[in-house]
Amino acid sequence: MRVLFSEIVRLETELWNAVEGRLRADFGVTLPVFEFLQAISRTPACRVQDIAAELSITVGGTSKIVDRIEASGYCARSANPDDRRSSIIKLTPAGKRLLPKLTGTVDDELRKLLGTGIPDRSLIQLTKTLTKLRTAVRAGDATEKTA
């Protein structure tokens, strides 16, 4: 298990660094900006809590990154009509223009990094396996919190 853990962590680090390096070089943005813009674009009435849950990070950290993205002009907050304690986050026109460019670059970089390593069928199976593992880990974490 320790070897599996080590391989997963090292692969994630290497992929993160390569993809983020490309985003920084091509657009001057970090990988979290891309991930947040994606989450905002696909979540109706998106709140900080929604992004945090989707990306498995803290609400406090999420809020700080949303602040930076908002300051860059890629998203905007508005009052949440259903809950005065939270805001609704939407992409601005600049964010809507940037996201497809970032997506193309990320896809290109991942194809370059992962596309020749193993066959497509194996990548699909690996994705399914990692999804099952994440679900199991989250279920175990939820069980520990309620115990």
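**Exercise 1. The nonpolar core**

Find the residues with the most contacts inside the largest nonpolar core, and work out which element gives the most to this core.

*Solution.* Start with the ground rules: this is a predicted model, in which local features need pLDDT of at least 70, side-chain atom pairs count only at pLDDT 80 or more, and totals for chains, interfaces and linings use all residues. Residues are numbered from 1 along each chain as its sequence is written, and side-chain values use heavy atoms, with hydrogens and water left out.

Step 1: settle the terms. A nonpolar core is a set of buried Ala, Val, Leu, Ile, Met, Phe, Trp, Tyr and Cys residues joined through side-chain atoms within 4.5 Å. Buried means under 20% relative accessible area, exposed means over 50%, and partly exposed is in between (1.4 Å probe, protein chains only).

Step 2: look at the core itself. The largest one holds 24 residues, and L23, L37, I51 and I69 have the most contacts inside it.

Step 3: ask where its members come from. At least two residues each are supplied by helix 1, helix 2, helix 3 (48-55), helix 4 (59-71), strand 2 (87-91) and helix 5. Helices (H or I, at least four residues) and strands (E, at least two) are DSSP runs, numbered from the N terminus. Helix 2 contributes the most, with seven residues.

Step 4: zoom in on one member. Not counting residues up to four places away in sequence, I69 touches V33, F36, L37, Y74 and C75. Contact here means heavy atoms within 4.5 Å.

**Exercise 2. Helix 1 from end to end**

Describe the span of helix 1, name its buried residues and say what they pack against.

*Solution.* Step 1: take the span. Helix 1 (residues 2-27) has 26 residues and reaches 37 Å from its first C-alpha to its last, close to the 38 Å expected at 1.5 Å a residue. The expected span is 1.5 Å times one less than the number of residues.

Step 1: list the buried positions, which are L15, V19, E20 and L23. A helix has 3.6 residues a turn, so residues three or four places apart point the same way.

Step 2: find the partners. These buried residues pack against helix 2 (31-42) and helix 5 (93-114).

Step 3: E20 counts as buried because its relative accessibility is 15%. Leaving aside neighbours within four places in sequence, E20 is in contact with V29, T30, L31 and P32.

Step 4: see what comes after the helix. G28 follows helix 1 and has a positive phi, near 70°.

**Exercise 3. Positive phi in the loops**

Which values of phi do A45 and S56 have, and where do A45 and S56 lie?

*Solution.* Step 1: recall the background. Most residues other than glycine have a negative phi.

Step 1: go to the loop between helix 2 and helix 3, which holds A45. Phi of A45 is positive, near 50°, in a residue other than glycine.

Step 2: move on to the loop between helix 3 and helix 4, where S56 lies. S56 is not a glycine, yet its phi is positive at about 55°. S56 counts as partly exposed because its relative accessibility is 46%.

**Exercise 4. Sequence separation and space**

How far apart are the C-alpha atoms of R42 and K90, and those of I65 and K112?

*Solution.* Step 1: R42 is in helix 2. R42 and K90 are 48 residues apart along the chain, and their C-alpha atoms are separated by 10.0 Å.

Step 1: I65 and K112 are 47 residues apart along the chain, with their C-alpha atoms separated by 28 Å.

Step 2: widen the view to the chain. Among contacts between residues at least 6 apart in sequence, 46% join residues at least 24 apart.
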